[in-house]
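Hello,

Here is the structure I promised to pass on to you. Please open it alongside this email, and my notes follow below.

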Amino acid sequence: MSNTDSFIDEVTEEVRRDRTFAYIKRYGWIVGLAVVVVVGGAAWNEWSKAQERAEAEAFGDSLLDASTAETPEQRADALGMIEAPDATASAIVAQMRAQQLVEAGDAEGAITALNEVAADGELPRIYRDIAAFKALLIAPETQDTDARRVSLEALAAPGAPLRLLALEELAYLEAGAGNRDVAVETLNRILNDAEVAPDQRQRVRDALTALGADPEAAAQ
């Protein structure tokens, strides 16, 4: 019986090996393909990372080169020639270029560049709002008061990233238009807001004092 059992075990093992080899012959290409895909995917991932690093370095170098130009006009021109790797980087370059245009005395060109960023619906809101806010700050004081008010109110909407800064500008706008009570009310709203930063809080207190209001009363 023992010899018979041993023979059966050997035959069974041989059958298993034959089946294994048959499976390998039939399906081994799938395993090979899977290995190629995994290895190829890892290589592609490393290549993509290297490309991204190279693009980021080239972008940084181009910004550095532009910033070392002698005049604001030259810096603005250099920044305008930069090919940004994505929309966010392009928005950053546009805002840097706008600053150089302001220094060069081209406020209109700066406002145009900023408004283009502000109108780009593909960008995160923070970038669009910053561009719109900067454009309003650059705009001459002769700008239509009502139009300026509407723009600032949009930036001061609840949940907007620059809400408190826009409210502050609204207060100054109302004060300049002779609407003292509205300006004081707006400044008080800022002063009582839990999110107001220390430096803005001090500016608001100074503005209230200049308008003849008591900053301490606003905090009560």
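A contact here means heavy atoms within 4.5 Å. On that basis, residues 24 or more positions apart make up 45% of the contacts in the protein chain with a separation of 6 or more.

A word on the background before the details. This is a predicted model, in which local features need pLDDT of at least 70 and side-chain atom pairs count only at pLDDT 80 or more, while totals for chains, interfaces and linings use all residues. Residues are numbered from 1 along each chain as its sequence is written, and side-chain values use heavy atoms, with hydrogens and water left out.

The overall picture

The protein chain has ten helices and zero strands (helices are DSSP runs of H or I with at least four residues, strands are runs of E with at least two, and both are numbered from the N terminus). Of its 220 residues, 28% count as buried; buried means under 20% relative accessible area, exposed over 50%, and partly exposed in between, with a 1.4 Å probe and protein chains only. The accessible surface of the chain is about 14300 Å², and carbon and sulfur atoms account for 55% of it (areas come from the Shrake-Rupley method with a 1.4 Å probe, and for residues only the protein chains shown count as cover).

The cores

I would look next at the largest nonpolar core, which has 22 residues. Such a core is a set of buried Ala, Val, Leu, Ile, Met, Phe, Trp, Tyr and Cys residues joined through side-chain atoms within 4.5 Å. L187, I190 and L208 have the most contacts inside this core. At least two of its residues come from each of helix 5 (125-138), helix 6 (145-155), helix 7 (163-176), helix 8 (180-191) and helix 9 (198-210). Helix 7 contributes the most, with six residues. What does L187 touch, leaving out residues up to four places away in sequence? Its partners are A171, Y172, V204, A207, L208 and L211. Another core, of 13 residues, lies apart from that one, and A98, L101, L114 and A135 are among its members.

A helix pair

Helix 3 (residues 87-103) and helix 5 pack at an angle of about 10°, with their axes 11 Å apart. Axes are lines fitted to C-alpha atoms, for helices over the stretch in contact, and angles run from 0 to 180 degrees between N-to-C directions. The two helices are therefore roughly parallel to each other, a term for angles under 35 degrees. Helix 3 brings T88, I92, Q95 and V102 to the contact, and helix 5 brings Y127, I130, A131, K134 and I138.

- I126 lies in helix 5 and is partly exposed, at 36% relative accessible area. Its C-alpha atom is 7.9 Å from that of L162, 36 residues away along the chain.
- D181 sits in helix 8 and counts as exposed, at 59% relative accessibility. D181 and A213 are 32 residues apart in sequence and 9.6 Å apart from C-alpha to C-alpha.
- A58 belongs to helix 1 (residues 2-67) and is partly exposed, at 45%. The C-alpha atoms of A58 and E83, 25 residues apart along the chain, are separated by 9.8 Å.

Best wishes

Note on methods
Parallel < 35°, antiparallel > 145°, perpendicular 65-115°, else oblique.
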